[in-house]
Amino acid sequence: MEFVKSDGLPIHIKSWCRDIEDTAMAQAENLARHPALRHHVALMPDCHYGIGMPIGGVIAAKDAVIPAAVGVDIGCGMIAVETDIPAEKLQDMRFRRAIHSRIKELIPVGEGKMHKEPQDWSGFEEYLATPGVDAQFITKLDRCNLGTLGGGNHFIEIQKSDPGFVWLMIHSGSRNLGKRIEEVYQEKAAQLCEKFYTPLPTSDLAFLPTEDKDGHNYFRDMNFALKYAFENRQRMMAKCKEVLAEFVPEANFIREVNIHHNYAAFEEHFGETLCVHRKGATSAKLDEIGIIPGSMGTASYIVRGLGNPASFMSCSHGAGRKMSRTAACNTLTAAECDEAMKGIVCDRWHSVSRHGKEKKQLDLSEAPQAYKDIEDVIAAESDLVEIQVRLTPLAVIKG
């Protein structure tokens, strides 16, 4: 742990992040003043500014759920698969490029990209059969999005472990479904807190009592989004394994890890049942296996949880941004970003318009330089997790 902040706050802030931007610290202080929170606010080493609550934050509420403390990408998370393929089999860049291209043929990649036809999944029908469910959360869009990557920081990677074997890794979530669920319940929470004149440090942190109807329904719908996100990652991973087996027929897939990093759950901490919110953080209970990815171009880690109670048994979900998307595009150059990706198969930077501007610029927002140093992040949480496997990228597909 880097420091504890307690001056003038109802509960402490415990931080594993040494240098926190002022805006993120202000959000952490707001959380420390929240009437429903207990014990302390925990900040992971990848902490940075979010909406309402810092990304890389963990809190525990008593009998309350805060939609913004889960976030809009409910169930966003990671899946990783270990193979027995020696990495030297993928040494040739042209061979890797062929695998990269084939994966993109089978998996829709990018914002707004989806399957042409709705996808079948028993989870849809099970959810719709639940008493009281609002069918608005199951649309044709959700059925067509299942098994797709999305945009932003979501990715598919082919990686090499330090022992010299190939791994597959995917970062994705519940797509548009989780966003709509959060927006509906954030509005309900804001209306409820306003109705009962509940004092809040900011309206973004409006909450729902977990024993009330809307609180119960949020958990029902959030958990459905978690199942959707889990299935989404599994379907994409199945396609990636299928492609790898096409190119390396003797491949065997040894183990698979599939975890969330945007969710809330009832857990026992400090002798009571609390609603633990992890926004850009993952569970790190004792011996629990987790995934902490770096940025594109840098290492990722498979880790084992140490069950540290001070972090509510949690750890970081990645490297964490150190530059906003706009700042990255305005300050980085294509040449330095290309250099950071040297030797890794990936698509080069495309042009985008930002904030309604007519003039386009290269989108460098996901370049390695826009993120914190993953090695520093991992070192800062040595009391939260133990490294099992270090992985470095061979090929990257970005959303």
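**Close-up views of a predicted model**

**View 1. Residues in the contact of helix α5 with helix α6.** In this predicted model, L177, I181, Y185 and K188 of α5 meet D214, N217, Y218, R220, D221, M222, F224, A225 and Y228 of α6. By residue class, the contact of α5 with α6 divides into eight nonpolar, one polar and four charged residues.

**View 2. Axes of helices α5 and α6.** Helix α5 spans residues 176-195, and helix α6 spans residues 213-247. Two packed helices are described by the angle between their axes and the distance between the axes. Here the axes of α5 and α6 come within 10 Å and cross at roughly 170°. An angle over 145 degrees counts as roughly antiparallel, and α5 and α6 are therefore roughly antiparallel to each other.

**View 3. The six-stranded open sheet.** The strand order is β1-β2-β3-β4-β12-β11, and the pairing is mixed. Strands β1 (3-5) and β11 (262-269) stand at the edges; each has a single partner strand, so one side of each is left without a neighbour in the sheet. On average, neighbouring strands of this sheet are turned by 20° against each other, direction ignored.

**View 4. Pairing of strand β4 with strand β12.** Residues 55-61 form β4, and residues 272-279 form β12. The two strands pair in the antiparallel sense over five bridges. Within this pairing, A60 stands opposite V276 in β12.

**View 5. Helices against the sheet.** Helix α1 (residues 22-32) packs on the sheet and touches β1, β2 (12-15), β3 (40-48) and β4. The direction of α1 makes about 160° with that of β3. Helix α6 lies across β11 and β12 and runs at about 115° to β11.

View 6. E2 is located in the segment before β1. Leaving aside residues up to four places away in sequence, E2 touches S15, W16, C17, R18 and A380. With R18 there is a polar contact between side chains, at 3.5 Å. F219 is 217 residues from E2 along the chain, and the C-alpha atoms of E2 and F219 are separated by 33 Å.

Conventions
Residues are numbered from 1 along each chain as its sequence is written. This is a predicted model: local features need pLDDT of at least 70, side-chain atom pairs count only at pLDDT 80 or more; totals for chains, interfaces and linings use all residues. Side-chain values use heavy atoms; hydrogens and water are left out. Two strands pair if DSSP finds at least two bridges between them. Helices (H or I, at least four residues) and strands (E, at least two) are DSSP runs, numbered from the N terminus. Axes are lines fitted to C-alpha atoms, for helices over the stretch in contact, and angles run from 0 to 180 degrees between N-to-C directions. Contact means heavy atoms within 4.5 Å. Angles under 35 degrees count as roughly parallel, over 145 as roughly antiparallel, 65 to 115 as roughly perpendicular and the rest as oblique. Ala, Val, Leu, Ile, Met, Phe, Trp, Tyr, Cys and Pro count as nonpolar, Asp, Glu, Lys and Arg as charged, and the others, Gly among them, as polar. A polar contact is a pair of N or O atoms within 3.5 Å; within protein, one must be able to donate a hydrogen and the other to accept it, and residues adjacent in sequence count only if both atoms are side-chain atoms.
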